[in-house]
Amino acid sequence: MTLTANATLTALPSFQVGHWTDPVGRTGCTVVLCPPEGAVASASFLGPSPGTREGMLLAPEKAVERVHALLLTGGSAFGLAAADGVMRGLETRGRGVETGFARVPIVPAAVIYDLGSGDPQARPTAESGLAALQAASSAPVSCGAVGAGTGATVSKWRGPAATRPGGLGSVFLEEAGVGVGVLAVVNPVGDVLDERGQPLGQPPGPLPQPQAPATAVQNTTLLAVATEHALTKAECRRLADAACAALARVISPSHTGWDGDAAFVLSSGTRPAADPLRLTDLTARAVCAAVRQAVRLAAEAGPQGRTSTVP
């Protein structure tokens, strides 16, 4: 496997990432910026409670193939307003679908519920989305308690005392000439498992017994999968399904009735098509690594998590 100096999603030259973070209100948003011409995209929604914008547009049979940015955000459904700022910023750059009267940027968005992590009135706005877009760069992705992962938590099914910080993780893997980057916002009801199948972030000793979550809506894990290998929209959808399914390897229980899990796949198409089996395998491994990274970075600094550019 090839190692790079930047082992996050932005190791792919076609894509940039930017965050807006409210460390006091414990929320934020993250933008994945696509090339000027956009990226072929689709998505998978295996969780029963997703909060999304433009999600239906990503179905393979729908007409629009390319998106110009992806927004992942806190603030529950309120946070979808941040996409307005991303659209406004892209319009000023001349990016979007030419309709004859205006260019219309296509910006799918998905949310996590983090209103119980800090100030429930602190929510990403259009200005927050614009700030995240303006911060987008090719630098290694800052990970941990940052952007959309700022107020994320895990292990909520074990009760309030066992709830731990989640966060945002990003990993780039390349093998035999095939490369894929993943960004994960980790906020599940269940545990994130280490390589031995043990819950991450929990102190030594007996684990609290699982219980029904006190608030049924405070969960969701979001994935952004990016590659430069050429994919059709239908192929993006199949890879998104595989990415979402890979969460079951690293989160237990996963895709519960209290989660809104979603995976988005973006293909710039600047490299030839790759072996689909190898690309699927790398994606699943990168998903697991990004999810674990998010929780490990948060656990290192205690209840408030931390921010790092080190993958």
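Buried, for today, means under 20% relative accessible area. Keep that cut-off in mind. It sorts the residues I will show you. One caution: this is a predicted model.

Start with a salt bridge. The side chains of E174 and R271 meet, 3.6 Å from N to O. Where do the two residues lie? E174 is in strand β13, residues 167-175, and R271 is in strand β18, residues 262-271. So the pair ties together parts that are 97 residues apart in sequence. Now use the cut-off. E174 has 18% relative accessibility, so E174 counts as buried. R271 has 23%, so R271 counts as partly exposed.

Why do such pairs form? Side chains of opposite charge can pair when their charged atoms come close. The whole structure holds 10 salt bridges.

Next pair: R285 and E175. Their side chains meet at 3.4 Å, N to O. R285 lies in helix α4 and E175 in strand β13, so this bridge ties together parts 110 residues apart in sequence. R285 is partly exposed, because its relative accessibility is 28%.

R285 has another partner. D281 forms a salt bridge with R285, and the closest N and O atoms are 2.7 Å apart. Both residues lie in helix α4, four residues apart, about one turn of the helix. Here is the general rule. An α-helix has 3.6 residues a turn, so residues three or four places apart point the same way. D281 is partly exposed, at 32% relative accessible area.

Buried or exposed? L297 is buried, because its relative accessibility is 5%. Compare L297 with A145. They are 152 residues apart in sequence, yet 8.0 Å apart in space, C-alpha to C-alpha.

Now a loop. D194 sits between β15 (191-192) and β16 (222-229). At 9% relative accessibility, D194 counts as buried. Setting aside residues up to four places away in sequence, D194 touches L200, R292 and R296.

On to the sheet. What is the strand order? It is an open sheet of five strands, β1-β2-β6-β9-β4, with mixed pairing. The edge strands are β1 (16-22) and β4, and each pairs on one side only. Strands of a sheet pair through backbone hydrogen bonds, either parallel or antiparallel. β4 and β9 run antiparallel, joined by two bridges. In that pairing, T52 stands opposite A110 in β9.

Helices pack here too. α1 lies across β2, β4, β6 and β9, running at about 155 degrees to β6. α2 packs on the sheet as well, touching β1 and β2, and its direction makes about 140 degrees with that of β1.

Look inside α1, residues 82-92. Its buried residues are A82, A83, G85, V86, M87, G89 and L90. What do they pack against? Their neighbours include β2 (27-33), β6 (69-73) and α2 (126-135). Just after α1, G94 takes a positive phi of about 75 degrees.

Last, the cysteines. How many disulfides? The count comes to zero. C29 is in no disulfide, and the nearest cysteine sulfur, that of C34, is 16 Å away. C29 is buried, because its relative accessibility is 0%. C288 is in no disulfide either, with the nearest cysteine sulfur, that of C244, 12 Å away. C288 counts as buried, at 8%.

Definitions and conventions
Residues are numbered from 1 along each chain as its sequence is written. This is a predicted model: local features need pLDDT of at least 70, side-chain atom pairs count only at pLDDT 80 or more; totals for chains, interfaces and linings use all residues. Side-chain values use heavy atoms; hydrogens and water are left out. Buried means under 20% relative accessible area, exposed over 50%, partly exposed in between (1.4 Å probe, protein chains only). Contact means heavy atoms within 4.5 Å. A disulfide is a pair of cysteine sulfur atoms within 2.5 Å. Two strands pair if DSSP finds at least two bridges between them. Axes are lines fitted to C-alpha atoms, for helices over the stretch in contact, and angles run from 0 to 180 degrees between N-to-C directions. A salt bridge is a side-chain nitrogen of Lys or Arg within 4 Å of a carboxyl oxygen of Asp or Glu.
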